[in-house]
Amino acid sequence: MKQGLKILFFFYQWLIAFPLLLVLTIVTALATILLSPLFPNKRFSYFPARWWGRAFCYLLFIKVKLIGLEKLNAQQSYVIVCNHQSIYDVFVVYGWLPMIFKWLMKAELRKIPLVGKACAVAGHIFIDRSNAVTAKHSIEQAEKQLKNGISVVIFPEGTRTHNGEMCKFKRGAFLIATDLRLPILPVTLRGCYERLPRNAVNVVPGTIEIIVHQPIDTESYGAEGAPKLMQDSWNIINSGL
């Protein structure tokens, strides 16, 4: 982007796009709080959040490409595992993955005004990694919801990358999948880091790709197969980068 366009975009971002997105975030949170109890686990109640995620891309000139959608079975519940590059991961997964899912998210996010409440009402699961007992309870909550085509989305790295490269995975997602004999759905998010790296505040317009890989049948791994499943999933996701 040329210097003149960068300056124009800087002012557009802070004076127009971000204020609009703040209002949309408030409206989306309120709509979710109202709709989720009335239409639990229905696409209608997910509509506000889906378009909220898309708005964060459209208003900041980010194009999203979804690759591999044909590999999904709408009736199947999955444990969806994605690499974690940026806060934009949340926007594109919400906006473009066409399924009902629950996030497994950090307990600290519950404290965000309105957004935390909306996530709780929508049935997303907060996990406190500093407390083994409550973390186990959160995973049990997640497991109870994984039926009738409802999936869970987990960033198994646990935190956003510092340099664009993938970190090691944590075991939680893979224990859930092997315990419940549910397929792992590996998803590569490519371009989110370039759009908004960790600790950055200015978005860079461009393209983000969501690459849906072939689901992994976890039954062949057995009860003790979580470590190998974790490594195989890491390799598949990393191959998309």
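## Aromatic rings

Let's start with the rings: the structure holds 20 aromatic pairs. Here, rings of Phe, Tyr and Trp (its six-membered ring) pair if their centres lie within 6.5 Å, and planes under 30 degrees apart count as stacked, over 60 as edge-to-face and the rest as tilted. One of the pairs is Phe39 with Phe44, which is edge-to-face, at 5.2 Å centre to centre and 80 degrees between the planes. Phe39 is partly exposed because its relative accessibility is 35%; buried means under 20% relative accessible area, exposed over 50%, and partly exposed in between (1.4 Å probe, protein chains only).

Trp52 and Phe91 also pair edge-to-face, because their ring centres are 5.2 Å apart and their planes stand at 85 degrees. This pair joins distant parts of the chain, with Trp52 in helix α2 (residues 43-58) and Phe91 in helix α3 (residues 88-96), 39 residues apart. Helices (H or I, at least four residues) and strands (E, at least two) are DSSP runs, numbered from the N terminus. Both Trp52 and Phe91 are buried. They also belong to a cluster linked by ring pairs, along with Tyr46, Phe56, Tyr88, Tyr94, Phe101, Trp103 and Phe155.

## About the model

This is a predicted model, where local features need pLDDT of at least 70 and side-chain atom pairs count only at pLDDT 80 or more, while totals for chains, interfaces and linings use all residues. Residues are numbered from 1 along each chain as its sequence is written, and side-chain values use heavy atoms, with hydrogens and water left out.

## An enclosed helix

Back to α3: 8 of its 9 residues are buried, so the helix is largely enclosed by the rest of the structure. Those buried residues are Tyr88, Asp89, Phe91, Val92, Val93, Tyr94, Gly95 and Trp96.

Ser233 is part of helix α8 (residues 226-239), and it counts as buried because its relative accessibility is 0%. Leaving aside residues up to four places away in sequence, Ser233 touches Phe169, Phe174, Ile184 and Ile216 (contact means heavy atoms within 4.5 Å). Ser233 and Cys82 are 151 residues apart in sequence, yet 9.4 Å apart in space, C-alpha to C-alpha.

Ala226 also has its place in helix α8. With 5% relative accessibility, Ala226 counts as buried. Residues up to four places away in sequence aside, Ala226 touches Phe174, Leu175 and Thr178.

## Salt bridges

How many salt bridges does the structure hold? There are 2, a salt bridge being a side-chain nitrogen of Lys or Arg within 4 Å of a carboxyl oxygen of Asp or Glu. In one, Glu209 meets Arg190, and the closest N and O atoms are 2.2 Å apart. That pair ties together distant parts of the chain: Glu209 sits in strand β7 (residues 206-212) and Arg190 in strand β6 (residues 184-190), 19 residues apart. Glu209 counts as buried at 16% relative accessibility, whereas Arg190 is partly exposed at 32%.

Asp232 and Lys228 form a salt bridge too, at 2.9 Å from N to O. Both lie in helix α8, 4 residues apart, about one turn of the helix. An α-helix has 3.6 residues a turn, so residues three or four places apart point the same way. Lys228 is exposed, with a relative accessible area of 53%.
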